[in-house]
Every structure is written in structure tokens, then in C-alpha cells.
Amino acid sequence: MMENAVGERRSEVVEAVRDLPGWLLDDDAMKLYELAYSSAGPILDVGTYRGKSAILMASALRDAGRAGPVVSLDVDPNAVRAAAALAADRAVSDRIALVRGTAEQLFRAVPDLRPSLVFLDGDHSRRGVA
């Protein structure tokens, strides 16, 4: 019975983020929600864009009763600002730490960060991945 309630909630959250800018397919969003729901946190989201995946994962942490946070990282200041506004609209900004910079800079600033889940969806170029 509990599993069914989680599945229903997962479907509701995926539906709720469907209209947000981004390229997350519904099946991928369902799996990402499930992984985040099962995660102890914190979660690292590399590649914020407009916050769709971060909002989805923050919603999963909220639904699981976990504080998180989702640390969402992007080099684009416009992406970080847009994600902050959308996270506030979706009432999950308290579970998302939006960070502007590179992964190297993040781990230099917070060397003890040990994410339990990493969603790598940033720059897909060879240089960016390196």
C-alpha cells in the first residue's frame, strides 16, 4: 500500500514539473524521482539549466521526509537565477542550494561534500565533461 502511495506521488510530481523548461523525459523523471526519494542526501545536480531536475529531486526529498539538500551547480548565472525563481514558485527552495561555478570550484570550497546521489546533466561537450 505504501509503495502505491509513493508511485502516485511520483506521478503527481512528474506531472507538476512537466511544464518547466528542460529536456527531462517523463520516464527519466520518474526514475530520477525514485532515486532521489531513496537517497539519504545530499544530492548533487550538475547542470541546473532552469532547475527542472533539481525541483523534481527536492520534491522527492520532501516527500521522503529528508532535508537534503539538492546542490545544483551551473556556470551560467542566468540559469541559477531562473532556477531560484522556479524553485520558490514550487515551494522547494528551502531544499535546494543553487551554486554558480564549476564542480572543481565547488569541491574546493566544500571538500567534505559527499553526495549520496549525483545527477550529471551539465555541459555534454568533451571539454565540458573533462
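Residues are classed by relative accessible area, with buried meaning under 20%, exposed over 50% and partly exposed in between (1.4 Å probe, protein chains only). By this scale, both Glu104 and Arg108 are exposed. The model is predicted, so local features need pLDDT of at least 70 and side-chain atom pairs count only at pLDDT 80 or more, whereas totals for chains, interfaces and linings use all residues. Residues are numbered from 1 along each chain as its sequence is written, and side-chain values use heavy atoms, with hydrogens and water left out.

Side chains of opposite charge can pair when their charged atoms come close. With a salt bridge taken as a side-chain nitrogen of Lys or Arg within 4 Å of a carboxyl oxygen of Asp or Glu, a search of the whole structure gives 6 salt bridges. One of these joins Glu104 and Arg108, at 3.2 Å from N to O. The two residues are 4 apart in helix α5 (residues 103-109), which means that about one helical turn separates Glu104 from Arg108. Helices (H or I, at least four residues) and strands (E, at least two) are DSSP runs, numbered from the N terminus.

Lys31 and Glu34 lie 3 residues apart in the helix, and so about one helical turn separates them. Lys31 is partly exposed at 43% relative accessibility, as is Glu34 at 33%.

Arg90 and Asp19 form a salt bridge with an N to O distance of 3.2 Å. Arg90 is in the loop between α4 (77-89) and β3 (96-100) and Asp19 in the loop between α1 (2-17) and α2 (26-38), so this pair ties together parts that are 71 residues apart in sequence. Arg90 is partly exposed, at 26% relative accessibility, while Asp19 is exposed, at 58%.

Helix packing was examined for α2 and helix α3 (residues 52-64), which meet at an angle of about 45 degrees with their axes 8 Å apart. Axes are lines fitted to C-alpha atoms, for helices over the stretch in contact, and angles run from 0 to 180 degrees between N-to-C directions. α2 and α3 are therefore oblique to each other, given that angles under 35 degrees count as roughly parallel, over 145 as roughly antiparallel, 65 to 115 as roughly perpendicular and the rest as oblique. Contact (heavy atoms within 4.5 Å) involves residues including Leu32 and Tyr33 of α2 and Leu56 and Met57 of α3.
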